[in-house]
Amino acid sequence: MIKTFYKKNKKGFTLIELMIVIAIIGILAAIAIPQFTAYKSRGYKASVTSDAKNAYTAVTAYLGDNIGVAAPAETIASGGTGTIYSSAKVSVGNQVAIAAGGQITATHTNATQLGGTYVINSAGVATDGLTIP
C-alpha cells in the first residue's frame with residue numbers, strides 16, 4: 001500500500017523543505033545585518049582617528065620645518081584643498097590652533113553610525129569621545 005503513494009522519478013522540493021530553507025536564510029540574515037553595521041561603525045571610527053592623527057602629524061611637521069612661523073591655514077587645511085586629505089564624511093577642524101596650544105578635532109558627518117568627537121591636544125594626547133551606537 002505504501003508503494004501506491006510513492007512516485008518514481010519524483011523531482012522538486014516539497015513546500016516544507018522550501019519553508020525550512022527560507023527560515024534558515026532569515027535567521028542567518030538576522031544575525032549578519034547587525035554585525036555588518038557594527039563593522040561599518042568601527043571602520044568609520046578608524047577613519048576619524050586616522051585623519052585626526054594625520055592632521056596632527058602634518059601640523060607638527062610643518063611647525064618643525066618652519067620654526068617661529070605661523071602655520072597658514074591653506075597649507076594644513078583638510079578636505080583635499082591642502083596637504084591633508086580627509087576621508088569621505090570626516091571633517092577635521094582647528095589645525096592651526098595646535099600651534100597656539102589648542103587642539104585638533106575630528107568628527108564623522110554620519111551621526112547615526114558614529115557620534116562624538118576625536119580630539120588631539122597640542123601635547124599629542126588623544127581623547128576618544130567617539131561612540132558607536
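This report walks through a predicted model of a single chain, from its overall layout to a few residues and their contacts.

**Ground rules**

Since the model is predicted, local features need pLDDT of at least 70 and side-chain atom pairs count only at pLDDT 80 or more, while totals for chains, interfaces and linings use all residues. Residues are numbered from 1 along each chain as its sequence is written, and side-chain values use heavy atoms, with hydrogens and water left out.

**Confidence and layout**

The chain averages a pLDDT of 75, and 72% of the residues score at least 70; pLDDT is the predictor's confidence in each residue, from 0 to 100. Where that score is low, the predicted coordinates should not be read in detail.

Reading along the sequence gives α-α-β-β-β-β.

Of the 133 residues in the chain, 25% are buried. In this report, buried means under 20% relative accessible area, exposed means over 50%, and partly exposed is in between (1.4 Å probe, protein chains only). The chain exposes about 9000 Å², with carbon and sulfur atoms supplying 64% of that area; accessible areas come from the Shrake-Rupley method with a 1.4 Å probe, and for residues only the protein chains shown count as cover. Take the contacts (heavy atoms within 4.5 Å) between residues at least 6 apart in sequence: 39% of them join residues at least 24 apart.

**Helix 2, end to end**

Leu15, Ile16, Met19, Ile20, Ile24 and Leu28 make a nonpolar surface patch of about 640 Å². Patches are built from residues with over 30% relative accessible area and no salt bridge, joining like charges within 9 Å and nonpolar side chains (Val, Leu, Ile, Met, Phe, Trp, Tyr) within 5 Å. One member, leucine 15, is in helix 2 and counts as exposed because its relative accessibility is 62%.

Helix 2 has buried residues too, including Ser41, Thr49, Asp51, Ala55, Tyr56 and Tyr62. Its buried residues pack against strand 1 (90-93), strand 2 (103-108) and strand 3 (118-121).

**A closer look at the packing**

| Residue | Relative accessible area |
|---|---|
| Serine 47 | 17%, buried |
| Valine 48 | 0%, buried |
| Valine 90 | 7%, buried |
| Histidine 108 | 7%, buried |

For the contacts that follow, neighbours within four places in sequence are left aside. Valine 48, in helix 2, is in contact with Val90, Ala106, Thr107, His108, Leu114, Tyr118 and Leu130. Valine 48 and leucine 114 are 66 residues apart in sequence, yet 9.6 Å apart in space, C-alpha to C-alpha. Serine 47 sits in helix 2 as well, and touches Ser87, Val90 and His108.

Over on strand 1 is valine 90, whose contacts are Ser47, Val48, Asp51, Thr107 and His108. Valine 90 and threonine 49 are 41 residues apart in sequence and 9.8 Å apart in space, again C-alpha to C-alpha. Histidine 108 belongs to strand 2, and its contacts include Tyr44, Ser47, Val48, Val90 and Leu114.

Lysine 45 lies in helix 2 and aspartate 128 in strand 4 (residues 126-128), so the pair ties together parts that are 83 residues apart in sequence. Lysine 45 is partly exposed at 25% relative accessibility, and aspartate 128 is partly exposed at 41%.

Note on methods:
Helix = DSSP H or I, 4+ residues; strand = E, 2+ residues; numbered from the N terminus. Salt bridge = Lys/Arg side-chain N within 4 Å of Asp/Glu carboxyl O.
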